[in-house]
Amino acid sequence: MLARPRRAITVLAALLLAITLAPALGEPARADNPIVQTIYTADPAPLVYNGRVYLYTGHDEDNSTYFTMKEWRVWSSADMVNWTDHGSPLNLASFSWASSNAWAGQTVYRNGKFYWYVPMTVRATGQMGIGVAVSNNPTGPFTDAIGRPLVSNGQIDPTVFVDDDGQAYLYWGNPDLWYVKLNTDMTSYAGSPAKIPLTTAGFGTRTGDANRPTLFEEGPWVYRRNGLYYLVYAAKCCSEFIAYSTAPGPLGPWTYRGTVMATQGSSFTNHPGIIDFAGNSYFFYHNGALSGGGGYTRSVAVERFSYNADGSIPTMSMTSAGAPQVGTLDPFVRQEAETIAWESGVETEVSSEGGMNVANIENGDYVKVKGVAFGSGATAFTARVASATSGGRIEVRTGSPTGALAGTCTVPGTGGWQSWTSVTCPVSGLTGTQDLYLRFTGGSGFLLNVNWWQFTGGATSSNLLTNPGAEDGTTGWLVNGSGTLTAATGVVRSGTRSLAITGRTGAWNGPGQDVTSRMTNGKTYTTSVWVRTPSGTPAAKATLALTVNGTTSYLQLTPTATASASGWTQVSGTATVSWSGTLSKAVFYVETAAGTDNLYLDDANLQ
């Protein structure tokens, strides 16, 4: 159990300046920004990988009066509102040459590995240097890749951009803007560090500081979109705002384009991160919106936005609502308790069973999980719990912390904060898509820990792999609403309103990007996919069959490309997909030229 002082976190009545008002204390369900409330976080660096957004942040220590930061943290989300805490896979102790100041960094994926570039004080020189850590997993653990600083000139805030031609660039700086061209190993570079000229045409005009004629301050974030290069950064100090410049190439010449986010939010610094995910664009930043927040106790937030027709970035304001949810959360599969949209009172810690668990739970605390798809209904709730005291109760509620009570699970004392057991209780009234609240009640002091939870009832799961042969995970099919995808392991998910077939693009059995084809009842689709039969011979056609209570509807696909030497054929077709009632079975299979139906979808589950 955590020994640090308890810090209850609630949203402020209002953020400073132009920020949207936070909800009243009686309406906590409306707040989703900042996206992490268990600790103070800063300097967001988002990364899209395999259908999730991984968010790498700094950690402002409680009650800080300076940038007191000792570790970096990782969070992830598939829906932009429910964020899973993956703890701290990297800290100052990971670098033998570093002494202090675990400040703003960024992680990129390349060569099957994740590279995290972070600035720290170099013990031998006392000046800031930039290290690089590496991992095979986006959530770590990360280790020092080279045992020394990659670059060290006293400046900070590294960002890395890999261009379409494969050339990677490391940018960093305050007060200057430096860069090097990274080699393909991502841990060394060609040539020497060089400065990007900071001109007023490129970075705007600052007044009142003869030593800083342009607006560029720190925190660069570089990316390319539609052939145009964007450089987004913290501008002017202090307080900072977020500005951006564009260029025809990764090194310029840059043209100042204006304000992304004006000064606001009760923190005198800000730090940008921009990604595209699930067809939308998102802007990450930080502010001081949480209780006790400020310039040294910051919190990461996010807004969804759309580029203007000319490619320019609109000016945005901070909100307490945050980004809308992408899809829904499935309660019938195990969910980590530290997957949270909003919380009151709880914190997280490392679990003895792996990952993290929710801890420091007291009477009246709660966790909100947004947009939970209960479908036709849940009948029971199970939670993995531990308690070194006499335990407590988990109230399953919807709509708000005091909303409709669906059920109550009693948690006994288990003999230790990491002595885990599972408790189950019946629930009722959970249908459709609702916001779930787990409210904790009991006596005084710490009551219990929660590691994970899961509902049962509603939709059932069944293995759909019915063709002969070993279910070895080496083959699979993937459908996308339009376009062409190669094969990889897929998962079928269904509900009363839509069917989603999820899998990975990329090489056969190789790394790739998770994608989802979501099919809505009664909608017409044009679908294209590469297929081959289990024997490797060309497929005459492919059929997407949706069977509901004995009634089957089909999306028929026919060849549109000549079969390759390896047996692949591109097939496509247009059809209206429809069903009635609750979708109980969804099968994508291949019809061979001989007319034999072969299901070629490996490890598929209907949930």
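1. The second largest pocket is lined by 23 residues, and those lying nearest its centre are Leu-47, Phe-161, Val-162, Val-222 and Tyr-223. Here a pocket is, on a 1 Å grid over the protein atoms alone, an open set of points where a 1.4 Å probe fits, with protein on both sides within 12 Å along at least five of seven lines, and lining residues have an atom within 4 Å of a point.

2. Please keep in mind that this is a predicted model, in which local features need pLDDT of at least 70 and side-chain atom pairs count only at pLDDT 80 or more, while totals for chains, interfaces and linings use all residues. Residues are numbered from 1 along each chain as its sequence is written, and side-chain values use heavy atoms, with hydrogens and water left out.

3. The volume of the second largest pocket is about 660 Å³, a volume being the space filled by probe spheres set on the grid points, which are joined across faces, edges and corners.

4. Which strands supply at least two residues each of this lining? They are strand 1 (40-49), strand 7 (106-110), strand 11 (159-162), strand 15 (216-225) and strand 19, where strands are DSSP runs of E with at least two residues, numbered from the N terminus. Strand 15 gives the largest share, five residues.

5. Strand 19 (273-277) is also an edge strand, as is strand 21 (299-305), in an open antiparallel sheet of three strands in the order 19-20-21. Two strands pair if DSSP finds at least two bridges between them, and five bridges join strand 19 to strand 20 (residues 280-287). Gly-273 stands opposite Phe-284 in strand 20.

How values were computed: Helices (H or I, at least four residues) and strands (E, at least two) are DSSP runs, numbered from the N terminus.
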